[in-house]
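Please read it with the structure open.

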Amino acid sequence: MCSGSLKALMAACAMGALLGACQREERDQRPSPVASETREQVALTTNSAGPSPPEIRVSGKGAKYEASAYDQSQGKKYYAWFNCNGCHSNGGGGSGPPLMDDRWIYGGSIENIVQTIREGRPNGMPSFRGKIPDEQIWQIAAYVRSMSGNTSSDSAPQRNDSMHPHPSESRTPPSPPVNGGTVAPSPSR
Amino acid sequence: MTDVAIRASEKDLRDTDLAAEDLHDRLSRAWGAKSGLIGWLSDVDHKAVGRRYIFTAFVFLALAGSAAALMRLQLARPESQLIGPDLYNQLFTMHGTTMMFLFAVPVMQAFAVYLAPLMVGTRNIAFPRLTLFSYYVYVLGGLMIWVAFLMNIGPDVGWFAYTPLSGPQFSPGKRSDIWAQMITFTEVSSLAVAVSVIVTVFKQRAPGMTLDRIPLLVWAMLVTSFLIMFAMPAVMLASTMLILDRLVGTHFFNYAEGGDTLLWQHLFWFFGHPEVYIIFLPGTGFVSQIVGTFSRRPVFGYLPLVLALVATGFLSFGLWVHHMFATGLPQLGASFFTASSMLIAVPSGLQIFCWIATLWGSRPVLATPMLFVLGFLFIFVLGGMTGVMVASVPIDLQVHDTYFVVAHFHYVLIGGAVFPLLGAVYYWFPKITGRLMSERLGKWNFWTAFIGFNVAFFGMHILGLMGMPRRVYTYQPDLGWGPLNMVSTAGALLLAASFGLFFINALVSMRSGAPAGNNPWGAGTLEWATPSPPPVYNFARYPIVRHREPLWAEGDELPVAHGLMVSQRELLITTLTEARPDLREGTPDGSIWPFIAALAVAVAFICSIFWAIAAVWGSALVGLTLIGWFWPKSVTEDVT
Amino acid sequence: MKLRPVTDLSGLPTYGYGPQSPIWWGTLGFMALEGMGFALAIGAYLYLYHLAPGWPLADRPPNHWPGTLMTAVLLLSAWPNKLVDRAGHEEDLPKVQRLLIVMSVIGLLTLVIRFWEFTQLYVRWDQNAYGSLLWLLLGLHYTHLITDVGDTLVLTALMFTKHARGKRFSDVSDNAFYWYFVIGAWLPMYVLIYWVPRW
Amino acid sequence: MVALSLPSVLTGCERWPDALDPKAPEAHDIAWLIWTFTGLLGAIWLAVVIAMLIAIRGGRRVAPPAAGATPLDALALHPAGERSRTVIVGVLGGLTALTVLVLTGLSYATQRSLFAPRQEGLSILVTGKQWWWELQYEDADPSRIVETANEIHVPVNVPVTLKLEASDVIHSLWVPRLMGKEDLIPGRQNVKRVFVTQPGVYRGQCAEFCGQQHAHMGLLIVAEPMADFERWRDRQRAEAASPSSDEQQAGHDAFLKRSCVMCHQIRGTDAGGRSGPDLTHVGSRMTLAAGTLPLTRGSLAAWIVDPHGVKPGVDMPLTKLEPDELNAIAAYLESLK
């Protein structure tokens, strides 16, 4: 009986490992050469003038990137290469808002972040459309999500081989996004 | 002090005056496994465990061999599109990892589990439950990594998993963690089996089997077990550090925070070089037994052979830096390791000379085991020669990490370990199954293996000198490496076919081979004194050893001891050097707890890859199963 | 093949102490391999120490008092440990029971002290390699403490049941043997963790 | 032996594998050592195999092993035979030790000459990256510092110091016809001295497994007379050539507008990315993508349009370009001599 329950437990663990495992480890070596830029219709706030909340239509592409350890780690690399640090530091914020906290001026879903990177935002965030290929924007956005612990801890990037300013994304406790916020780092945090 | 309550009952019946058949019935009852699936999983008979262990190891050989065949197909032509780099890197990692950790070491230990108790003349291995547990841990570890591979989370950083490539930054996902945890599985298992084998050889030798009467194979297994004991902790420590770096953010290999990139290589090769001898020394043991039997005389140079084993064991810990000549270490240190690496050729050479001196003038019958021994001499000596070459710093700087080295270590490992192993299977198969393997298929098996091997690997020496590095998934056509690679692939396929023949031969012979009898080869060591296959209790009475080849010396009447219990399992414990009878100690019955504990270990290890905290509650779980394991279930267990 | 009985073994005892017993050798084997693990971990510490420009890689060395207390407790525990070993040999059950309780209490005490030690290292495992090493060394030894304390507790419980006889006394002696190893393995680590950085 | 006579595209006919066809003193010494070892050890191997064959085919025939038949006489060994065996095995053991000693001595002597300190000449910082080589020609005068990638130009008969570093994982620099390998290790700097005596183009490759595209991490060492080298160096120091045709101008504009600039630098333009190879004089190199493709306009276009078809897993992304843009960029890059 005891061994039965152990087997069940083990099976549960194995299932846990299986879930998304294939997707998480996939290295998408040859992105589709045809246009991959998706149209994501996302809202920045849940407030709405009408009776129903704003309509949201997403391609679902984000889930793939948020589940993939490889994509997030690529995103982490590009985040450094493309000098996102220049304004956002290592997520702690500088001239740009911090990315590690739960405040999201322009929405905290991966689709919001993709749009923010692609289209730019007022007050300093430039548009990277045409400068960063779409595939990489998604990867960076997935990484940005991981900075506030919003991707699963077993796919979020681990520490780099460098000085470490704070624990790695995989060890960051999740702080679900709160829409709105200020440009300057909130004093309470 | 014996217990008064149990004395003078039927339970205390001794084997002293029992007739042979009555003795057989009673011993079979006392030593037999329980029926049913639970009984099968609980069976602690070293022969049952050994058989499953050997079988499992060969399954992993087939898997790793298939990975190798796929790699060879990819490399047959330049710029081949058959397999992409991602899969190729997983394949060569799985090939190396499986061959080293799931085949080569386990299969040698499996033979030790099966043969060592028989050869030293005892009824079971020391710590049989621990051995059973180790087997399950090994199976579960192997299962984990291959299931992971099939789910595309197979490790892709090489069997050596150099940091920082295998570290947290450059191996995202769980691939490296799976690799590191598989190491923990297999090393736990290897270490426990090594301790069991050592204690078996130290304390359970038949009366009179003094140190200088221990069969050479048992010596080889003993030295191997010591190598495992002192080498494997290094790789366990290294893989633990790696997984800590990856999961909880430690900095052992992070140079920016006081760690060091090369620390990994030092720890890994401190294990990795003795590992080669862990695989090779049992091979020499097989060769010694087969050569002695087929040349119909005791092996020449028993003492030098034993000393060579021990010397090789010691020297193997002083060579690890020769894997790191290109890392820019101080030159003086590097030359020391050149000297020590070359020095190991002396004991190896001595062994070769002793075997040839044994064979000299004996005109042995070239049955299949003997053919594999001759194949071993041909291939291994060549591998040893290239080994001397790579020990030289300047030569190594050219050939390190090229196909020259691939050729070298396949000559050493396939020649030095797999050929003797196949010979050993042909030689002991009749003991294990009661039936001989087919000689005709055996000859085909040998010649295809011998030709296939040399065709596959000889050209690689030249490829390496032509500039072909290891671990490349493809190469450009204008480099001119194509023809030799094509030849090599053809040889590899022939080699694969020879293994097909081997498996067919084993499976067919198991059912319909010629009955073997006790001693089909007329050998002199104790395992051949038992029926084939041996009964669960191995020896009806404990043999008494008065000579190195007891069966040759005693003729057809074997001196034995009596006075042991027949109603419960009892082992004779003897003294360390003289093997004087010392204790009649109980040995455990079958138990399902080793299986449960192994499952708990697997749960703890696998879950901790995904949630570090599982290491804590997983350990508690394992602790609970261990209490269940060790808590006595009956009064008899107190005495036993 | 005919068997010719020449020796009678019926008079042999069914269990023995120390090197007579396979369990003792098995314990020794595990000590050897675990000792190798400790030695390599210590080697890794010295290796990184050797490479580092300064040591320790932290503001200050760890507070040595918890470690010193641990060392003192472990060294003092050698005495009851020797007594329990002797009582095991003498097969004196009441004495074994009493002493095993003492050893269990000491064992649990060391687990508590070790917990305190972790809090007084003044460096986290994820701060730098120095911190990682301290936590690794202490952690390695902690697992041995936990294992042996767990073993002692189970054995103590066992000695209060009907199973407390015969070979169990030999187990008591083997358990005491392992405790010596736990003490012995600690001493170099104590010097390494608390005094080498102060050197 | 077919392989031995295969021509190499890069240097015309060669008869021997690269490592045995040395073009620098270091490789020459090692090749000599390899031949010596091979000769001596090969002879020993042959002797052992012959001895083995004689052993099993000479002398008296013993009874074949048969079931149950134990050779009672097996233990009655001939004392004279055993004595001579002891002597022969002892002598052979001694000879083995002697051989080992001699070979160790030879190896050590060669090693000493390889690592003998040489005067400083040119110094080049080589940084291994996944999966290409970044090069910086060091000089006290900052204006003489040259940055390039994947193609090391060196003057012949001048000692060159390669300072080896890595910015991600371990790589290893190996040019079989010139020198043995030396690892590039993150957090460390190794030094490799190279001294080329014959002008030529020598192919090298990363020898330490470094991830997905380890197979496509090649480089070239171009050894040329000092005058040629200086000319090359002066050209490399200059800023990029201005576009000289409309197509090149269009390529220049597209390059700056598109994602190329995020990673690549072209000195003299606004392109200042530092993560990918410096492209200021990419047109002057012989190969593209770390020794993977010959540098032509066609291969430039092929590489830009589908890098993952050539090097799956490489960081160079697939960039969506109009066909005209692609052609123009390829033309522009090709013009950057």
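**Notes on backbone geometry and the chain D sheet**

1. This is a predicted model. Start with the loop between α5 (128–150) and α6 (175–203) of chain B, where B:P164 is found.

2. Chain B has another cis bond to look at, from B:S532 to B:P533. Here omega is near -15°. B:P533 sits in the loop that runs between α16 (482–512) and β1 (542–543) of chain B. Most peptide bonds are trans, so such sites deserve a look.

3. Next, phi angles. Most residues other than glycine have a negative phi. C:E91 has a positive value, near 55°. Its place is the loop between α2 (64–90) and α3 (93–119) of chain C.

4. Chain D as a whole holds 7 helices and 12 strands. Of its 337 residues, 42% are buried. Among contacts in chain D with a separation of 6 or more, 64% link residues 24 or more positions apart.

5. Which order do the strands take in the open sheet of chain D? The order is β3-β2-β1-β5-β8, 5 strands with mixed pairing. The edges are β3 (146–149) and β8 (190–194) of chain D. Each has a single partner strand, so one side of each is left without a neighbour in the sheet. On average, neighbouring strands of this sheet are turned by 25° against each other, direction ignored.

6. Strands of a sheet pair through backbone hydrogen bonds, either parallel or antiparallel. Strand β5 (residues 160–166) of chain D and β8(D) run antiparallel. How many bridges join them? There are 5 bridges between β5 and β8 of chain D. To find the pairing on screen, go to D:L164: its bridge partner in β8(D) is D:N190.

Conventions: Residues are numbered from 1 along each chain as its sequence is written. Chains are lettered from A and ligands numbered from 1 in the order in which they are written. This is a predicted model: local features need pLDDT of at least 70, side-chain atom pairs count only at pLDDT 80 or more; totals for chains, interfaces and linings use all residues. Two strands pair if DSSP finds at least two bridges between them. Helices (H or I, at least four residues) and strands (E, at least two) are DSSP runs, numbered from the N terminus. Axes are lines fitted to C-alpha atoms, for helices over the stretch in contact, and angles run from 0 to 180 degrees between N-to-C directions. A residue is buried if 20 or more other C-beta atoms lie within 10 Å of its own, exposed if 12 or fewer, and partly exposed in between; C-beta atoms are placed from the backbone. Two residues are in contact if their C-beta atoms, placed from the backbone, lie within 7 Å.
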